[in-house]
Each structure stands twice: as C-alpha cells, then as structure tokens.
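Visitor: I would like to learn how to read pockets, cavities and ligand contacts in a model. Could you walk me through one?

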Amino acid sequence: MGDKLFLTGGKRLQGEVRASGAKNAALPIINAAILAKGETQLDDIPDLRDVFHLQQILESMGVGVAYDQGTMTINPEKAHFAEPPYELVRKLRASYYLLGVLLARNGEARIALPGGCAIGNRPIDLHLKGFKALGADVHLDHGVVEVKAKRKLKGAKIYLDYPSVGATVNIMLAASRAEGQTVIENAAREPEIIDLANMLTVMGARIKGVGTDIVKVEGVDQLSSTQHRIIPDRIESGSYMIAAAATRGDVYVRNSLCEHLKSLLAKLKEMGVKIEEDIEGVRVTAPNSLKGIDVKTLPHPGFPTDLQPQMMALLTQAEEGTSLVIETVFENRFMHVDELKRMGADIKLDGRGAIVKPSRLSGAKVWATDLRAGVAMIIAGLAAEGETQINDFFHVERGYEKIEEKFKGLGADLHLE
Ligand code: UD1
C-alpha cells in the first residue's frame, strides 16, 4: 500500500478484470452477522481498508473474526460489546450500522459519530428517527450517539423523507429482532440492501418488499448463523467500464451483474460505447469518438452518485458536444472538479450542475479528495498525456481491492509509492 499513485497516460486498456465483492454490501452484512447465534461464513469479502477497520472494531468488542482470502468468519458468542474506541470508529462511516445491530441484539448502543468520505454533511437524522419510532431513546452528546430501548423494540411505520441507504439498512437491522411488524416507506432500493435482506432471510428474518420503496420486516426472537456470498461490486465494475471507455479500450469486466448497472450501461451506450452483456460479465468496447451526454445522479435505479466523479472524467473525453452532470444525492460532491481542472479539464460549476466541455488533458499533480474522486483521477490520468501523480491515495484503498494490480493487468502504466 502506498499514499501516492504515479501513472503515465495514453495507454489503451485491454483485456479482462474481475470485480470483487461489493464493499457497500459487505459492510452491513458483516455487521448483521453479529445478530446470529453461532459462526457466520461470508465469501467474496473484498480485502479493503474499510473491511479491515470494521474487523478491528468488532474484535475490540470481543467478536471472533477471521479473514483469509476473501472468506470471513464471524462469531459473536464471546463478545462483551464494550464501546469501540473512537480512533477506530471514526475511520469508517459504516460503523453507524453498529447502532442498528447492537440495538437489536443488546437493546442499547453507544457509538461516536462516524467518519468516512467528506462529501457533504451526511447527517444520520433518518436513522435516529427510525430507532425512535421503534421505541428507543436517542441521545446525542459531544458527537456520541446513544440509543437505548427500555423495553423490547416494537415494530412501527416509518416514512423516510429521503430514500437513504444507511437509514433503510439500519432500520431493517434493528427491526429484525423487534416485536411485530415494521414498515419502511420510501425505502432505498439499492442492490446492496437486497443482498443484506437475502442473508437476513436465510438467517430466519421475515422481510418482504426489498427492492421496492416499501419494505416490511416482521421481527423474530432469534437469528441463526449462515453462509453467504457477497454480490459483485457494481461501482467497482462500473469504474473499470468507464476507464475502458475513456482510453478507447476493449475490456471485459467479469463478475458484473448487468441488472445492477442498467443506468450506467444506458449512458455509455448513449455516448456510443459498445456494450455486450453475458451471464458472467460485460464487455465494453469504445469507438474512436464519443458523444457528450447529460447525467443526473439519483437513488437506485437512477445513475449512482458513486460513479459521478468517474463519469465526469470520462465526459471530458467526449469529442462531440457538451455534457451536463447534475448531482442530486450529495450536496458537496464536486471536489474532484478542481482536481480535473489541474489536468486541463474545461468544467464550469453552477450549483448542483457541472458543464463539461471536450478537453485535452495533460498529466499533473492532483489529490484524491475522496474514494470515488480518486478513481476519477486515475481515469483522467489514463486519458491524459504525460505523467500524473495522485496524492492521498489511501482514500481509494478504502474501497477498491488490488487496484494497482487490476489496472496493470489491463495494460495501464502505473505504480504506487
Ligand atoms: C451509501 C453508500 C455510499 C453512497 C450512498 C448513496 C455505504 C456504506 N455507503 O451511503 O457509498 O454514496 O449510499 O448511494 O453503503 N441523508 C439524510 N439523513 C440521513 C441519512 C441520509 O439527510 O439520516 C441524506 C444524505 O445527506 C445524502 C442522502 O441522504 O444527501 C443519501 O445518503 P444515504 O443514502 O444515506 O447514503 P449513505 O448510506 O451514507
């Protein structure tokens, strides 16, 4: 692992790459394993900093965790569930899932407010609204959240003002052991939520409606351990597809589920990219000239905000026409724009919109301002002339497994220092 990535642009990406298991499915699912009696086995868990930090948090609470080549076993039988140290919790935004699982399991939890990517102020009011509706007392004091249920949690009807992924997951986790039925209205529909629900169902939970905006959870007294394979990472797959297009390459991304990537595939086709789907993955072949398009991020099944920075890097390489990118999910997710400009990108920001014009990029010293923005810098660097240096690369290692090796396998000229 290194903190700087050096790359030389101008190489056409070619060949095959395999997408790893999804980070954003793995994080809630690892947490959910604490709800089981006995040992859970999870397969295709990506080897990432976020996963490693979660492992350390669980171990600090006495949970038995072992990780070897993608397989993680989790055993909460001997856990004491003492409050995990802040230095660990702050490294991982998804540590807020501990609130839902510990509330379900022990009736209480105390966690310092989470860290993660600095993309907007990212409140957790909807999570807390859900816990309150289930009957928990919620206290916020000096950045520490305390949730406590005096009696057993009781199912309730909860309307989310926004279909938040985290709030939907956290309420599902808490409701899985509550008394009676919980109904989440305006629930998020992301594939990672479906993956979690599939695992909870095998563990014995009663969940209906996942993948729609109304999710119903009927609480049960006990959940049993199971074995589960994590779904492919659609954001990682999509990032390689976008990189292939930006270098006018020809890349097959194995372990990609097309049904999770519909909005991206539609947008790439609109740009003129050839897409061939099969049961194992997707082949992306780019023509010499690409068309500019408009992209608006939305909750799933709309275009994912987690692919917006990468897509913007690609759009600088569309020769025909101007593009418009509108970000509606996070209010401050344009930090990569200044970095792309350092490389010569012609982008104008106007509120939640960015106007992207065809640009000739040249290598520069840039910063990975967050996880996905860092990958956008790789994509821009691959399309640029000359050498690019990406600083603060640790952000990217939070969410992309073996990224140096995978890009090298496609012919990219890069290395970590
Ligand atoms: C998850 C993903 C993240 C992705 C995001 C949107 C994980 C670990 N992270 O983050 O990669 O970018 O979904 O697809 O799965 N909001 C509130 N109040 C809340 C919760 C959210 O106002 O209580 C707002 C947020 O500020 C944001 C929007 O809702 O503007 C979406 O956030 P949310 O869906 O909750 O994202 P995360 O779960 O944090």
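**Cavity, pocket and ligand**

Guide: Let us begin with the largest cavity, whose lining consists of Arg234, His260, Leu261, Lys262, Ser263, His300, Pro301, Gly302 and Pro304. This is a predicted model, in which local features need pLDDT of at least 70 and side-chain atom pairs count only at pLDDT 80 or more, while totals for chains, interfaces and linings use all residues. Residues are numbered from 1 along each chain as its sequence is written, and side-chain values use heavy atoms, with hydrogens and water left out.

Visitor: What is a cavity, and what is a pocket?

Guide: On a 1 Å grid over the protein atoms alone, a cavity is a set of points where a 1.4 Å probe fits but cannot get out; a pocket is an open set with protein on both sides within 12 Å along at least five of seven lines, and lining residues have an atom within 4 Å of a point. Grid points are joined across faces, edges and corners, and a volume is the space filled by probe spheres set on the points. Here, searching the whole structure gives 1 cavity of 30 Å³ or more, and the largest cavity has a volume of about 30 Å³.

Visitor: Which peptide bond is cis?

Guide: The one from His300 to Pro301, with omega near 10°. Both residues also line the largest cavity. Pro301 sits in the loop between strand 19 (294–296) and helix 10 (308–315); helices (H or I, at least four residues) and strands (E, at least two) are DSSP runs, numbered from the N terminus.

Visitor: What is the volume of the largest pocket, and which residues lie nearest its centre?

Guide: The volume is about 1000 Å³. Of the 44 lining residues, Tyr96, Arg122, Val165, Gly166 and Phe330 lie nearest the centre of the largest pocket. Helix 1 contributes the largest share of this lining, 4 residues. By class, the lining has 21 nonpolar, 9 polar and 14 charged residues, where Ala, Val, Leu, Ile, Met, Phe, Trp, Tyr, Cys and Pro count as nonpolar, Asp, Glu, Lys and Arg as charged, and the others, Gly among them, as polar.

Visitor: Where is the ligand?

Guide: The ligand takes up the space of the largest pocket; a molecule sits in a pocket if more than half of its atoms lie within 2 Å of the pocket's grid points. A residue is near a molecule if one of its heavy atoms lies within 4 Å. In this model 18 residues surround the ligand, and Asp125, Leu126, Ser164, Asp306 and Val329 are the closest. Helix 5 gives the most to this shell, with 3 residues, and the shell divides into 8 nonpolar, 5 polar and 5 charged residues.

Visitor: Which polar side-chain atom lies 2.6 Å from an oxygen atom of the ligand?

Guide: A polar contact is a pair of N or O atoms within 3.5 Å. The atom you ask about belongs to Asp306. A nitrogen atom of the ligand is 2.7 Å from a side-chain N or O atom of Asp125, and a ligand oxygen atom is 2.8 Å from a polar backbone atom of Gly166. The protein covers 87% of the 740 Å² of accessible area that the ligand has on its own, by the Shrake-Rupley method with a 1.4 Å probe.

Notes. A polar contact is a pair of N or O atoms within 3.5 Å; within protein, one must be able to donate a hydrogen and the other to accept it, and residues adjacent in sequence count only if both atoms are side-chain atoms.
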